[in-house]
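Please look over the structure shown here before reading on. The briefing after it is meant for someone meeting this model for the first time.

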Amino acid sequence: MLRDKLKQRISNEPTECISYLKELVKSNRVYDGEALEIFIYVIKNGPEQLTNIQWDILLDKGLLPDFYVECDRCEDAIQWSDMYQAIFIKKDHCCPFCSYLVHKKNVRLLD
Ligand SMILES: [Zn+2]
């Protein structure tokens, strides 16, 4: 299940996850007060000390479903450092590799 995988991933890659949370906060993407609060907590303290209730907020109100995606095409995990791009810049919900392929195909359609 995506939620469990996400939780595991945050625990395994806290530094990368925190960088992404900072990106979200800095760009004013987070409108929900509770989500913003938990993001700032994790940025300051890391995910190690989160209680179960805090995990629920982080996963269910914070990251899912709008701020965390897996690649739409290959269902691979998207690196934390590519997440912002995939969701907000390219808006294709693709890993960089698939994004490249999709883009290439679209360019060809214009020929
Ligand atoms: Zn992909």
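What follows goes through the metal site, the nonpolar core and a few individual residues.

This is a predicted model, in which local features need pLDDT of at least 70 and side-chain atom pairs count only at pLDDT 80 or more, while totals for chains, interfaces and linings use all residues. Residues are numbered from 1 along each chain as its sequence is written, and side-chain values use heavy atoms, with hydrogens and water left out.

**The zinc site**

- The zinc ion is coordinated by the SG atoms of Cys-71, Cys-74, Cys-95 and Cys-98, at 2.3 to 2.4 Å; donors are N, O and S atoms within 2.8 Å of the metal (3.2 Å for Na, K and Ca), and sites may look incomplete because water is not among the atoms.
- The angles subtended by the four donor atoms run from 105 to 114 degrees, which makes the arrangement tetrahedral, a label given to four donors if all angles lie between 85 and 135 degrees.
- Along the chain, the donors of the zinc ion follow the spacing C-x2-C-x20-C-x2-C.
- Cys-74 lies in the loop between H4 and H5 whereas Cys-98 lies in helix H6 (residues 96-110), so this pair ties together parts that are 24 residues apart in sequence; helices are DSSP runs (H or I, at least four residues), numbered from the N terminus.
- Cys-98 is buried, with a relative accessible area of 4%, and Cys-95 is buried as well, at 9%, while Cys-74 counts as partly exposed at 35% relative accessibility; buried means under 20% relative accessible area, exposed over 50%, and partly exposed in between (1.4 Å probe, protein chains only).
- The structure holds zero disulfides, a disulfide being a pair of cysteine sulfur atoms within 2.5 Å.

**The nonpolar core**

- The largest nonpolar core has 33 residues, of which Ile-10, Tyr-20, Leu-24, Phe-39, Leu-58 and Leu-63 touch the most other members; such a core is a set of buried Ala, Val, Leu, Ile, Met, Phe, Trp, Tyr and Cys residues joined through side-chain atoms within 4.5 Å.
- At least two residues of this core come from each of helix H1 (2-12), helix H2 (14-26), helix H3 (33-45), H4 and helix H5 (80-89), and H5 gives the most, with six residues.
- Within H5, the buried residues are Trp-80, Met-83, Tyr-84, Ala-86, Ile-87 and Phe-88, and what covers them includes H1 and H2.
- Not counting residues up to four places away in sequence, Tyr-20 touches Leu-63, Phe-67, Trp-80, Met-83, Tyr-84, Ile-87 and Phe-88, where contact means heavy atoms within 4.5 Å.

- Gly-62 belongs to helix H4 (residues 52-63) and is buried, with a relative accessible area of 4%.
- Once neighbours within four places in sequence are left aside, Gly-62 is in contact with Ala-35, Phe-39, Ile-57 and Phe-67.
- Glu-70 is placed in the loop between H4 and H5 and counts as buried at 19% relative accessibility.
- The side chains of Glu-70 and Lys-5 are joined by a polar contact of 3.0 Å, meaning a pair of N or O atoms within 3.5 Å; within protein, one must be able to donate a hydrogen and the other to accept it, and residues adjacent in sequence count only if both atoms are side-chain atoms.

Terms used:
Tetrahedral: all angles 85-135°; square planar, octahedral: opposite > 155°, others 65-115°.
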